[in-house]
Amino acid sequence: MTAIKDSVVLVTGGSRGIGKALVDELFRRGAAKVYATARDPRTVTHPDAVPLKLEVTDEDSVADVAARATDVTILINNAGAAAGASYLDSPLDEVRRDLDTNFYGPLLVTRAFVPVIERNGGGHLLNVHSALSWLADGGPYSASKAALWSQTNSLRLQLRPRGIVVTGLHVAYVDTDMTAKIDAPKSAAVDVAAAALDGVETDAFEVLADDVSRGVKSALSGDITLLYPQLAA
Ligand SMILES: NC(=O)c1ccc[n+]([C@@H]2O[C@H](COP(=O)([O-])OP(=O)(O)OC[C@H]3O[C@@H](n4cnc5c(N)ncnc54)[C@H](OP(=O)(O)O)[C@@H]3O)[C@@H](O)[C@H]2O)c1
């Protein structure tokens with residue numbers, strides 16, 4: 001089992017939202033050191049966190065962080081974004097942006113940190129997916145999270161024999177900046193962080209942090225109109 005107590009953790013996007021809640025909860029559970037990344041490291045406010053500047057889509061930035069955080073044993077790929085592009089009407093570069101941030105970003109960070117975690121005796125990778133990995137919401141964000149889910153499933157197989165356990169987190173709306181304009185029931189980031197870290201500490205392959213995620217996953221095995229009732233009309 002993965003112990004958070006006395007571990008050294010890096011949380012991407014650790015200055016706000018779910019990432020900030022993860023940083024708080026990691027310290028509550030006794031982590032020895034927590035690196036919290038942000039594009040502007042001055043926005044990292046936890047007094048004990050080690051702020052690092054990171055742009056996940058920039059290979060040089062990722063390499064710089066991996067060169068500084070050489071004692072990491074647990075990597076949390078939390079940073080993500082929803083650019084809100086339209087498949088049919090937005091410039092293709094805008095459509096690609098969610099893939100760059102949410103699929104290639106975590107991949108770059110994982111590639112940089114796998115050798116670090118191995119050198120430190122093995123550890124854990126937590127990737128933050130979404131309920132929208134399994135339910136298309138009309139734009140590229142869902143595609144990026146579906147692709148990340150698949151990436152996680154492949155990496156879990158490849159990293160297991162290398163001493164790195166991989167957990168994927170699925171959650172629907174959480175009350176953060178990302179959903180500020182959405183009027184719908186939302187989980188609290190603190191509850192999502194606790195569920196995610198329970199999953200890390202029990203070496204769970206998957207954490208489904210709310211009823212919506214559990215419902216969407218179970219509906220995948222049924223008729224497609226269960227997920228897209230507008231098709232039944
Ligand atoms: N909120 C939800 O309803 C929800 C539901 C399911 C999954 N998620 C996922 O949960 C994760 C955290 O989201 P959140 O709700 O906490 O959103 P948020 O409050 O908008 O925070 C997003 C975080 O990601 C970082 N980030 C975004 N683009 C980045 C980039 N290119 N390079 C480096 N860091 C970047 C941001 O860093 P800066 O501070 O530098 O901007 C920020 O810390 C994301 O992966 C999101 O897709 C969220």
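## Around the ligand

Helix 1 (17–28) and helix 4 (140–159) each contribute at least two residues to the shell around the ligand. Do keep in mind that this is a predicted model. The points below start with the ligand, move on to the nonpolar cores, and finish with some individual residues.

**The ligand shell**

- The ligand is surrounded by 27 residues, and the closest are Arg-39, Glu-55, Asn-78, Tyr-141 and Thr-176.
- By type, the residues of the shell split into twelve nonpolar, ten polar and five charged.
- Arg-39 places a polar side-chain atom 2.7 Å from an oxygen atom of the ligand.
- Lys-145 has a polar side-chain atom 2.9 Å from an oxygen atom of the ligand.
- At Gly-80 the backbone takes part: one of its polar atoms is 3.2 Å from an oxygen atom of the ligand.
- How much of the ligand does the protein bury? Taken alone, the ligand exposes 890 Å², and the protein buries 94% of that.

**Thr-176, one of the closest residues to the ligand**

- Thr-176, listed among the closest residues to the ligand, sits in the loop between strand 6 (164–170) and helix 5.
- Thr-176 is buried because its relative accessible area is 16%, and the cut-off for buried is under 20%.
- Apart from residues up to four places away in sequence, Thr-176 touches Gly-17 and Ile-18.
- Thr-176 and Val-166 are ten residues apart along the chain, with their C-alpha atoms separated by 25 Å.

**The nonpolar cores**

- In soluble globular proteins, nonpolar side chains tend to be buried together.
- The largest nonpolar core here has 30 residues, and the members that touch the most others are Val-11, Leu-22, Leu-26 and Ile-76.
- Which elements each supply at least two residues of this core? They are strand 1 (8–11), helix 1, strand 2 (33–38), strand 4 (74–77), strand 5 (123–128) and helix 5 (189–201).
- Leu-26 shows the packing in detail: leaving out residues up to four places away in sequence, Leu-26 touches Ile-4, Val-9, Val-11, Ala-31, Val-34, Ile-76 and Leu-197.
- There is also a second, separate core of 23 residues, including Tyr-35, Val-62, Leu-108 and Leu-125.

**Thr-167 in strand 6**

- Thr-167 belongs to strand 6, and Thr-167 counts as buried because its relative accessibility is 0%.
- A polar atom of the Thr-167 side chain lies 2.6 Å from the backbone oxygen of Ala-204.
- Beyond its neighbours within four places in sequence, Thr-167 is in contact with residues that include His-124, Leu-125, Leu-126, Asn-127, Thr-152 and Arg-156.
- The contacts of Thr-167 also include Gly-199, Val-200, Ala-204, Phe-205 and Val-207.

- Most residues other than glycine have a negative phi.
- Asp-6 is not a glycine, yet has a positive phi of about 70°.
- Asp-6 lies in the segment before strand 1 and is exposed, with a relative accessible area of 55%.
- Asp-203, also not a glycine, has a positive phi of about 55°.
- Asp-203 is found in the loop between helix 5 and strand 7 (206–208).
- Is Asp-203 buried or exposed? Asp-203 is buried, with a relative accessible area of 19%.

- Ser-61 is part of helix 2 (residues 59–68) and counts as buried at 14% relative accessibility.
- Setting aside neighbours within four places in sequence, Ser-61 is in contact with Lys-53, Leu-54 and Glu-55.
- Ala-143 is in helix 4 and counts as partly exposed at 30% relative accessibility.
- Asn-153 and Ala-31 are 122 residues apart in sequence, and their C-alpha atoms are 26 Å apart in space.

Terms used: Residues numbered from 1 in each chain as written. Predicted model: local features only at pLDDT ≥ 70, side-chain atom pairs only at ≥ 80, totals over all residues. Heavy atoms only, no water. Near = heavy atom within 4 Å. Polar contact = N/O pair within 3.5 Å; in protein donor to acceptor, adjacent residues only side chain to side chain. Areas by Shrake-Rupley, 256 points an atom, 1.4 Å probe, with all protein chains shown as cover. Helix = DSSP H or I, 4+ residues; strand = E, 2+ residues; numbered from the N terminus. Nonpolar A, V, L, I, M, F, W, Y, C, P; charged D, E, K, R; others polar. Buried < 20%, exposed > 50% of the residue type's maximum accessible area, 1.4 Å probe, protein only. Core = buried A, V, L, I, M, F, W, Y, C linked by side-chain atoms within 4.5 Å. Contact = heavy atoms within 4.5 Å.
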